[in-house]
Amino acid sequence: MKGFFGKIGLALALVTAMAVPALAEKTMDTDVAIIGAGTSGLAAAVQALQGGAKVIVLEKQPKVGGTGSFCEGVFAAESKIQKRIGIDVSKSFAFKLIMNYSHWKANGALAKAFVDKSAETIDWLDDLGVKIEYVGVGGFGGPLTWHVIAPGPDLVKDPRDFHCQRMINVFNKYVLDHGGKILLETPGTELITENGKVVGVVAKDKSGEKIRINAKAVVVATGGFANNKEMMKKYVKDYPDVIPVGQIGKDGDGIRMSEAVGASLEGMSTVQAYRPGLAGFHPADQMIALAVQPYFWVTPRGERYTDESSIEYWPYAGNALTRVGGTTYAIYDDATRKFAVEKGIEMPLGEWVLQGTKLTKWEDAFNKELARKRGNVFKANTIEDLAKQLGMDATILKASVEKMNKAAATREDTEFNKQAKFLRPVATPPFYATKLLPRHLGTLGGVKVTAEAEAVNTKGVPIPGLYAVGTDSGGMYGDSYDLLLGGGTAGYAINSGRIAAENALKYAGITK
Ligand SMILES: Cc1cc2nc3c(=O)[nH]c(=O)nc-3n(C[C@H](O)[C@H](O)[C@H](O)COP(=O)(O)OP(=O)(O)OC[C@H]3O[C@@H](n4cnc5c(N)ncnc54)[C@H](O)[C@@H]3O)c2cc1C
């Protein structure tokens, strides 16, 4: 008898042990589960709701938006506003530019689907209440594709109701008003599979409670892996310490979850290279704004290494900097400082510091940083002294300065062919130096997808029920971020989110 009860007891204990987590686990059911409430995730949520689906969006942070809270404008070709004001950027031109820029390493079918949908997406945004203020360029002087989002009527209540934050606000409200659920501080942790299909996601809420969300389809939209040091080291080998701008909690969750269920990855080494700068400084900081003007940059050995006007398309400046080890010193003299303060800067910093802005706050910003003695800025009355402070061989720095001064005098840069208008001498003391390091606006590689945003396995076969979008998906780039067509990453995030939702609804049998 003892043995019998013992066996029953053991069986009960086993049943209890197996049942407890299941009982403790909260369960929710939906049509589409979306992991990440940033640009791509919220666009997918709006599109899925418009198609008649039930939607649950998981968000790791206490608020929605992700990097989408920082961007300004989105790409489109052949939009109504472009046509209305005579901007001629055809879909065919844009597609070819993307593909040629990537040397056809990008996923052609995906790029085509994105470009072809882009103009209609501007109409879609307009219908939702997201208006375009103007159409600008990505890189200085590039094609006009960057549809900058206008302030919304809620600007009085919410001072951030402009640019992409306006769009995030509109998406968020739409989702909540139309029956969608957004679970904040509730990260997705793993995908649930059944017979090779993705049928849901496990999440963890603020209290640590596990939630099982059963879904007909799952969209992964967690915004890449910029904050995951291990993944950066593994994938972004040429410069893993590149400083992330506007990235919080980008731990590669979506990519890792997808990989765990067999998804293949693509383009993992490419980051959205940004203007060189320093960590902890606002993008509009005037000390940085002067340093990144296209004048005279040298390596820690004191050698000039690039045409500084590569900053016009900052991925180029980022690549050149990474190539020489990742540290540059921007050196300028007092005449250049005076020029920037009194006449204004020549190279704009996007919407942050416009061309012609007089850097009247430069002095304060520079002197504050100088007093901190952190090795970021330097000032000297001679080039020899500056070289000493920078730990450079004065002969090398002096030779570089002389070459620069000769180029400025002859109006010809025999070293790197920089346009004459950006040739300025380094001759009037005092001399200033600012350290600059590579920065980026997010990672660009991720889950390999089809043109329908379906995640594929290592054989290229779609994993049923799994979609990856925005910066959780790879395939839009070659080895470098493409700034030729402004608004590419946010534009791709929105369009891929919409494409994923449309196809997920077809897959789930909700639409045809
Ligand atoms: C300063 C700045 C300016 C920019 N300007 C432009 C511009 O003008 N034009 C342009 O095209 N691009 C621009 N970009 C880039 C653009 O904003 C991004 O490429 C785009 O927003 C990425 O969208 P996403 O949906 O992939 O990621 P995000 O918008 O970052 O969304 C990802 C979301 O997933 C959440 N998340 C992470 N892990 C989990 C998890 N486990 N569970 C649930 N949620 C999770 C995150 O918290 C986040 O909310 C800019 C970026 C920066 C930083």
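Helix H15 gives the most to the shell around the ligand, with 5 residues; helices here are DSSP runs of H or I, at least four residues long, and strands are E runs of at least two, both numbered from the N terminus. This is a predicted model, in which local features need pLDDT of at least 70, side-chain atom pairs count only at pLDDT 80 or more, and totals for chains, interfaces and linings use all residues. Residues are numbered from 1 along each chain as its sequence is written.

H15 spans 488–507, and at least two shell residues each also come from helix H2 (39–50), strand S3 (73–75) and strand S16 (431–443). There are 40 residues around the ligand, and those that come nearest are Gly36, Gly38, Gly66, Gly246 and Gly470; a residue counts as near if its C-beta atom, placed from the backbone, lies within 6 Å of the molecule. By class, the shell holds 23 polar, 13 nonpolar and 4 charged residues. Here Ala, Val, Leu, Ile, Met, Phe, Trp, Tyr, Cys and Pro count as nonpolar, Asp, Glu, Lys and Arg as charged, and the others, Gly among them, as polar.

I turn now to confidence. The average pLDDT, the predictor's confidence in each residue from 0 to 100, is 94 for the protein, and 95% of the residues score at least 70.
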